[in-house]
Amino acid sequence: MKRNASNVKSGVAREGANSLLHLLPFARPYALQFVLVFGLIVIYNATSVLQPYLVKIAIDKEISGPHIHTRGLFLITGIYVLVVLLGVLANYLQIVLLQYAGQNIIQKIRLELFTHIERQAMKFFDGNAIGRLVTHVSSDTETISQFFTQFFLSMVRDGLSLVMIVVMMFALNVRIAFYAMFLIPIIFLVSALFRKRLRIAYQTTRTRLSNVVAFLAENLAGVRITQMFHQEYRQAQRFDVLNRSHQTANIHEYYVSVQFNRVLELLGNVAVALVVWVGGGEVLHKVILFGTLYAFISYVRQFFTPINSLTQQWNTLQSSMVAADRVLRILQTKPAIEDPLLPQEIKSGLGKIVFDHVTFAYKQGENVLHDLTFTIEPGSFVGFVGATGAGKSSVMSLLMRFYEVSEGRILLDDVDIRHYRQQDLRRVIGIVQQDVQIFSGTVLDNIRLFQTQITEEQVIHAAKIVGADDFICKLPNGYQTNILAKGANLSMGQRQLLAFARIAVQNPRVLILDEATASLDSQTEQWVQRGLQTLAVDRTTLVIAHRLSTVRAADQIFVLDQGRIVETGSHSELFAARGLYRQLCEKSGVESAYVLSTNM
Ligand SMILES: Nc1ncnc2c1ncn2[C@@H]1O[C@H](COP(=O)(O)OP(=O)(O)OP(=O)(O)O)[C@@H](O)[C@H]1O
């Protein structure tokens, strides 16, 4: 069992390492910077090991020698200062270059990730929570950059530093060097023991922090519901539990880290004591000079810094591997819907729509639409009605090609929509949903969706057509008014009118209204209806409405039931047929009153 677990673990590590390798091409353009960084690290390390050696020369030759050489002492002090300055400069340049490369690498990975996510079909978003995608684009890329900056830096700088220190010690005196090395196996043993504890502590803290963040994101998004159901106290308690568990993990992480550092410090001091004991004896017996002993003490002290740093880097490596794995998994997910190699131009047709034996399933084997066949004539106004879950929105999603049909085909102006480029298709089909998406920016930006080639005059003209101009002009800065997050400073009806203006600007030949008026009060619904009527002129318009009044004037109404079209006809035909449509009308009191009055 244990073996299995370790096999799984090594498999995960291998995958993580492979993922990091796959991301290396992002670092390739900065190869020169990395080479320069390497050179600068060598200079910096050389200056570090040179410093104790210069002091040794000063002590042995100039201070404790038979003659006092003030000039020599001055010269060595000067060289020492120059060496220190060179080290500082090399270190500074190395950090700047490495950060430059690291930040450029994340910027490129982030852009690639974002554009890749944007190209994905809706199926991808069904399986990947938005919160997680945000984490991948923001913090996972940041973690990967630490691999290029911290991990790479530490491996080269600290690894080289250890080698240089050991070489210097052996060059100075082999016997004392052996004594100084005496503790190395113990240091490695301690490091290995702590590495595991540090890794677990680090991962626990990260996991608990992401729980806190996920809870926070979910709750802030649903804060209205929390307030509506007076759940503030209960949610705060749940948050407190998560927050405390993160606090405990964080304190434990520091505790392990401090323990490790102190043990290392203790071992370092034991090593110094050993060197003082053995080296001091050698000085007394005049085998070595005092300066050499000083240099040894300095090297032993220097020796522990890279060991500490290298041990800590395992955390960076582990988290970079996990992050690289997640990022790569997204980058390697091919969009479920691809454009054809030789796309067909969308000709200026009128917007005829044909569903030809269309069957569709979100999950294989669970069909939600069954063998739908119908034709919508260009410029007509059709309604889709049916109980919740009947499949109305799914029909529209297929027409927009957010999902791919499982069987059959959909034609727009007699061409299978799979022969068009998705961009072209969506340019000629406009959709307005009940929940209007508002972006940060001005009213103008939101209507023209940041397409600056659309002039302000065109935007104003579009707003006038749908009747949005009136309320926009009353806003503090008119079209230049900044809209608050999620359109908080606009009413639901105003947001709908804004969405209509968006459509009017784009001037698509097909218009889809997905329950656009479902939650408006009757006054607002009236002006939204007026906007809609103007918008629908000369366009094929498909409306989904729970309020049947929205579609009673439709040329044709499709009644859906469990993914099948069960009735088709005009309002009066369907009402007279006394089928499902009539039942739906009678269920909604307002509708039946209207319908009955018009039928009498
Ligand atoms: N993204 C999805 N993944 C899996 N199943 C889905 C998804 N979207 C809808 N469904 C399922 O497909 C069926 C049809 O849903 P659809 O949203 O098309 O119905 P609808 O008639 O528009 O309902 P409503 O009026 O409530 O919006 C339902 O059973 C629903 O649970």
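Helix H11, residues 392–399, gives the most to the shell around the ligand: three residues. This is a predicted model. The predictor gives the complex an ipTM of 0.97 and a pTM of 0.72.

Stay with the ligand for a moment. Around the ligand lie Asp-126, Tyr-362 and Val-368. By residue type, the shell holds three nonpolar, six polar and two charged residues.

Now step back to the whole chain. The domain assignment gives domain 1 as residues 2–331 and domain 2 as residues 353–599. Their centres, taken over C-alpha atoms, are 56 Å apart. Where the two domains meet, four residues of domain 1 are in contact with four residues of domain 2. On the domain 1 side, two of these residues are nonpolar, two are charged and none is polar.

Next come the sheets. Strand E4, residues 407–412, runs antiparallel to E5, and two bridges join them. Across this pair, Leu-411 stands opposite Asp-416 in E5. Helix H11 returns here.

A second open sheet has six strands. Their order is E6-E9-E10-E3-E11-E12, and the pairing is mixed. Which strands stand at the edges? They are strand E6 (429–433) and strand E12 (564–569); each has a single partner strand, so one side of each is left without a neighbour in the sheet. From one strand to the next, the twist averages 20 degrees.

Look at the pairs inside this sheet. Strand E3, residues 381–386, runs parallel to strand E11, residues 556–561, and five bridges join the two. Phe-384 stands opposite Phe-558 in E11. Helix H19, residues 580–587, packs on the sheet and touches E3, E11 and E12. The direction of H19 makes about 90 degrees with that of E11. On its other pairing, E11 meets E12 in the antiparallel sense, again over five bridges. Here Leu-560 stands opposite Ile-565 in E12. E11 and E12 form a hairpin with two residues between the strands. In that hairpin, Gln-562 takes a positive phi near 45 degrees.

Helix H16, residues 492–506, lies across E6 and strand E9 (510–514). H16 runs at about 175 degrees to E6.

How far can the model be read? The mean pLDDT of the protein chain is 84, and 92% of its residues reach 70 or more. Confidence is highest in E4, at 95. Confidence is lowest in helix H20, residues 589–599, at a mean of 44. Over residues 590–600 the pLDDT is below 50. Beyond near neighbours in sequence, that stretch has nine contacts in the model. Where pLDDT is low, the predicted coordinates should not be read in detail.

How values were computed
Residues are numbered from 1 along each chain as its sequence is written. This is a predicted model: local features need pLDDT of at least 70, side-chain atom pairs count only at pLDDT 80 or more; totals for chains, interfaces and linings use all residues. A residue is near a molecule or strand if its C-beta atom, placed from the backbone, lies within 6 Å of it. Helices (H or I, at least four residues) and strands (E, at least two) are DSSP runs, numbered from the N terminus. Ala, Val, Leu, Ile, Met, Phe, Trp, Tyr, Cys and Pro count as nonpolar, Asp, Glu, Lys and Arg as charged, and the others, Gly among them, as polar. Two strands pair if DSSP finds at least two bridges between them. Domain bounds come from an automatic or database domain assignment. Two residues are in contact if their C-beta atoms, placed from the backbone, lie within 7 Å. pLDDT is the predictor's confidence in each residue, from 0 to 100. Axes are lines fitted to C-alpha atoms, for helices over the stretch in contact, and angles run from 0 to 180 degrees between N-to-C directions.
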